[in-house]
Amino acid sequence: PPTLASASSPASAVATTGAPLYLPVEQRDLTRPFVREDALKPAAMGAFAERVPATARAAFDEGIAHLQKREYKEAESSFKKAIQPDADSTGSLAYLGVTYAAAGRDTQAASVWRTAMADGEDIPQLYEWLGDALMRLKSTGEARPILEEAASRWPADLRFARPLALVYA
């Protein structure tokens, strides 16, 4: 009877010779475009909006309104006004990063999201956005520890599985 893997099959040759197996990965496979609309959904905004202090709420809401209209320069200005050094600015920093990513400025977005993680390390969305931005910037070496930490902190959250597998590939 025929066997699934004969001694002459490529799979058995790799297994018996110990030769490394490389999976071809195209750059387009590594990058997911940033989707502004997803960041503006109530489910995504909830964890961030609830951290905005009352004194910064008006500027934060103004930034969201500008972001919804794709007015990125105005949104950036509003979110910067909402950042307060003496209060938790995770929400304002996160959405300043969203503004940058929506405008195609991933380097600035990644920098701001790293800062937001200082107080927002318990929000998986930050890890996803930062990991995706680093992948778009072709910084897989920087994305790997971010994605590994997210996968270990939230093992049931499958949104980190694919980008982490691609980094490993």
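Does isoleucine 64 count as buried or exposed, and at what relative accessibility? At 7% relative accessibility, isoleucine 64 is buried. Buried means under 20% relative accessible area, exposed means over 50%, and partly exposed lies in between, with a 1.4 Å probe and protein chains only. The model is predicted, so local features need pLDDT of at least 70 and side-chain atom pairs count only at pLDDT 80 or more, while totals for chains, interfaces and linings use all residues. Residues are numbered from 1 along each chain as its sequence is written, and side-chain values use heavy atoms, with hydrogens and water left out.

The chain has eleven helices and zero strands. Helices (H or I, at least four residues) and strands (E, at least two) are DSSP runs, numbered from the N terminus. Of the 169 residues of the chain, 43% count as buried. Contact means heavy atoms within 4.5 Å. Among contacts with a separation of 6 or more, 55% join residues 24 or more positions apart.

Isoleucine 64 belongs to helix H5. Helix H5 spans residues 57-68, twelve in number. From its first C-alpha to its last, H5 reaches 16 Å, close to the 16 Å expected at 1.5 Å a residue. The expected span is 1.5 Å times one less than the number of residues. The buried residues of H5 are Ala59, Phe60, Gly63, Ile64, His66 and Leu67. They lie on the same side of H5, because they cover an arc of only 165° around the axis. The arc is that of the directions from the helix axis to the C-beta atoms. Helices H3 (36-39), H4 (42-49), H6 (72-82) and H7 (90-102) are among the elements that cover these buried residues. Leaving aside residues up to four places away in sequence, isoleucine 64 touches Leu40, Met45, Phe79 and Tyr95. Serine 78 is 14 residues from isoleucine 64 along the chain, and their C-alpha atoms are separated by 8.6 Å. Arginine 70 follows H5 and has a positive phi, near 65°.

Helix H8 covers residues 106-120. Its buried residues are Asp106, Ala109, Ala110, Val112, Trp113, Ala116, Met117 and Gly120. They pack against H7 and H9. Alanine 118 also lies in H8. Alanine 118 is exposed, with a relative accessible area of 59%. Alanine 118 and aspartate 88 are 30 residues apart in sequence, and 9.8 Å separates their C-alpha atoms.

Glutamine 125 sits in helix H9 (residues 124-136). Glutamine 125 is buried, with a relative accessible area of 14%. Its side chain joins that of glutamate 128 through a polar contact of 3.1 Å. A polar contact is a pair of N or O atoms within 3.5 Å; within protein, one must be able to donate a hydrogen and the other to accept it, and residues adjacent in sequence count only if both atoms are side-chain atoms. Not counting residues up to four places away in sequence, glutamine 125 touches Ala44, Phe48 and Arg159.

The largest pocket holds about 180 Å³ of space. A pocket is an open set of points on a 1 Å grid over the protein atoms alone, where a 1.4 Å probe fits, with protein on both sides within 12 Å along at least five of seven lines; lining residues have an atom within 4 Å of a point. Grid points are joined across faces, edges and corners, and a volume is the space filled by probe spheres set on the points. The lining includes Ala44, Gln125, Glu128, Trp129, Asp132 and Arg136. H3 and H9 are the elements that give two or more residues to this lining. H9 supplies the largest share, five residues.
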